[in-house]
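Let's take a walk through this fold, one piece at a time. Have the model open and follow along.

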Amino acid sequence: MSKVRIGIVGSRFQADCIAASVKAMPEEMEVVAVASPSKGNAEAFARRHGIPGFYSDYRELLRDPTVEMVSITAPNRLHARITIDAAAAGKHVVCEKPLCVTREEADAMIDACDRAGVLLLYAEELFFAPKYVKAKQMADEGAFGRVHLVKQGEKHSGPHSDWFWDVEQSGGGALMDLGCHGIAFCWWFLGKPKIKSVYAQLSTQVHGHRTQADDEAVTIIEFENGALGMVENSWNRPGGMDDTIEVFGAKGQTYADMLMGNALPTYSDIGFGYAVEKASSTKGWTYPVFEEHWNYGFPQEMRHFARCVRGRETPISDGETGRVVLEAVYAAYASAGLGRKITLPFRPPGIVKPIDLWKKPELAERAV
Ligand SMILES: NC(=O)c1ccc[n+]([C@@H]2O[C@H](COP(=O)([O-])OP(=O)(O)OC[C@H]3O[C@@H](n4cnc5c(N)ncnc54)[C@H](O)[C@@H]3O)[C@@H](O)[C@H]2O)c1
């Protein structure tokens, strides 16, 4: 089977992760090009990762005949435009989370890829994180009896790039940025049941001086089968990334701490190079994680997507996954705006960004 040839759009945080993850599976795929608008960034990225092609405009990358699949690691606001252009160019698309900012964009992305006959793959790596996959395997074997509660939390000290804090570009805060993982996770873990209702409590606790966005979020999801999902997110947790799950059934439970649970409890007076994503220090007690990308499931995710392109596997995370998550995100913001749970379907048209449903509750009131 020939290698799937990937073009990456973006050249910073997630682009590095994707390039490293592709390199970890060299028999399945390779990165052949990168595009990024800031002068010199694409070239520097290409040099660093040994990539032959680099462009300052992603549309040039889309014209590159060597590229079969595009991995979009640009800010949220650009996901829809780049996906639609990539589909028109006949390229398969891997889109980072969240799928996009609005429901209308999600519809347009899915339609564009369907019409062009290309795959739209939604990059939710938690579906591939080895610890979480093991928990799901045990649950599916019946280890816990009927699972009635799944919890997922993702917390860190706040995003690394300015655009995340600007709700015009991001669409929302910790809920939009991190909650999209937890919503997808609970839904996937329970076998993708319909979502019946969503309740959320949001606040801006620490970062009000720099953002309109929520930096604390608790979301409760009620599924059609009666099970609950509970998602906790924060941009106010110093000490490095925290990603955990808890699963409860009548016959048992399991707990998984993806990063600290796979780290070396370490003490150093002097410090060292790197401990874990978003840890600000390596002095004193720290939890340096090994095989960080592997623990998240990024290489396994990209391998799955490459195999989907070759028709060897069927996507377990696609545009529809991203659309389901976005509808729940809309409902969560509306719930926080109105102070009550929102039943689905919840598809208010014309919303410019999900966070508006929290900040302007009249928009949510009109839609329920
Ligand atoms: N799956 C995950 O766990 C995960 C982790 C981090 C980020 N992400 C997602 O990946 C996306 C990128 O996040 P990031 O952390 O890499 O952000 P970043 O700010 O580190 O990088 C964004 C990149 O997009 C590029 N860019 C901006 N405008 C562009 C344009 N018009 N054309 C092409 N490139 C453009 C920037 O130059 C930069 O290289 C976001 O949607 C984010 O939510 C996912």
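In this predicted model, start with the open sheet: 7 strands, ordered S12-S11-S7-S10-S9-S8-S15, with mixed pairing. At the edges sit S12 (252-257) and S15 (342-343), and each of these pairs on one side only.

Now zoom in on one pair within that order. Strands S9 (residues 216-223) and S10 (residues 228-234) run antiparallel, and 7 bridges hold the two together.

Helix H9 (residues 174-189) lies across S7 (147-155), S8 (195-203), S9, S10 and S11 (242-249), and runs at about 155° to S10. Helix H12 (residues 319-338) packs on the sheet too, touching S8, S9 and S15. The direction of H12 makes about 55° with that of S8.

Finally, turn to a helix-helix contact. A packed pair like this is described by the angle between the two axes and the distance between them. For helix H1 (residues 13-23) and helix H11 (residues 298-309), the axes come within 8 Å and cross at roughly 70°. Angles of 65 to 115 degrees count as roughly perpendicular, so that is how H1 and H11 sit relative to each other.

Which residues in H1 and H11 meet? On the H1 side they are Gln14, Cys17, Ile18, Ser21 and Val22, and they meet Phe298, Pro299 and Met302 in H11.

Methods:
Residues numbered from 1 in each chain as written. Predicted model: local features only at pLDDT ≥ 70, side-chain atom pairs only at ≥ 80, totals over all residues. Heavy atoms only, no water. Axes fitted to C-alpha atoms, helices over the stretch in contact; angles between N-to-C directions. Helix = DSSP H or I, 4+ residues; strand = E, 2+ residues; numbered from the N terminus. Parallel < 35°, antiparallel > 145°, perpendicular 65-115°, else oblique. Contact = heavy atoms within 4.5 Å. Pairing = 2+ DSSP bridges.
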